[in-house]
Amino acid sequence: LGRLGWGQHFGGLAARVDGAFGSDGAFAHDRLRFVDFVEDVEELLEEVAKREGGDEEAADGFEEFVLRHYRG
């Protein structure tokens, strides 16, 4: 995010996804459903795009893309 000039958003992003991954870096399925996590990330991306004056619609395909990719 820093390289894109969006570093100021990282603190909020980190706080919102805190606990989604274990100490080993694996997704914590026992704490959060993956589909809920992906939906939250898409909403975060839309918020960042809106704050930066971009098109929040650009993030709309994120959830579908990720779920399709990881569901096979």
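1. Glu46 sits in helix α2, which covers residues 34–51. Helices here are DSSP runs of H or I with at least four residues, numbered from the N terminus. Glu46 is buried, at 16% relative accessibility. Buried means under 20% relative accessible area, exposed means over 50%, and partly exposed lies in between, with a 1.4 Å probe and protein chains only. Setting aside neighbours within four places in sequence, Glu46 is in contact with Glu56, Ala59 and Asp60. Contact means heavy atoms within 4.5 Å.

2. A word on the basis. This is a predicted model, in which local features need pLDDT of at least 70, side-chain atom pairs count only at pLDDT 80 or more, and totals for chains, interfaces and linings use all residues. Residues are numbered from 1 along each chain as its sequence is written, and side-chain values use heavy atoms, with hydrogens and water left out.

3. Next, the helix pair. Two packed helices are described by the angle between their axes and the distance between the axes. For α2 and α3, the angle is about 150° and the axes are 9 Å apart. α2 is therefore roughly antiparallel to α3, a label for angles over 145 degrees. Axes are lines fitted to C-alpha atoms, for helices over the stretch in contact, and angles run from 0 to 180 degrees between N-to-C directions.

4. Which residues make this contact? From α2 come Phe34, Val35, Val38, Glu39, Val41, Glu42 and Leu45. From α3 come Phe62, Glu63, Val66, Leu67, Tyr70 and Arg71. The contact residues divide into 9 nonpolar, no polar and 4 charged. Val, Leu, Phe and Tyr are among those that count as nonpolar, while Asp, Glu, Lys and Arg count as charged.

5. Gly61 lies in the loop between α2 and α3. Gly61 is partly exposed, at 39% relative accessibility.

6. A salt bridge is a side-chain nitrogen of Lys or Arg within 4 Å of a carboxyl oxygen of Asp or Glu.

7. Arg33 is exposed, with 53% relative accessible area. Asp36 is partly exposed, at 27%.

8. Another salt bridge joins Arg68 and Glu64, at 3.5 Å from N to O. Both residues belong to helix α3 (residues 62–71). They are 4 residues apart, so about one helical turn separates them. Arg68 and Glu64 are both exposed.

How values were computed:
Helices (H or I, at least four residues) and strands (E, at least two) are DSSP runs, numbered from the N terminus. Angles under 35 degrees count as roughly parallel, over 145 as roughly antiparallel, 65 to 115 as roughly perpendicular and the rest as oblique.
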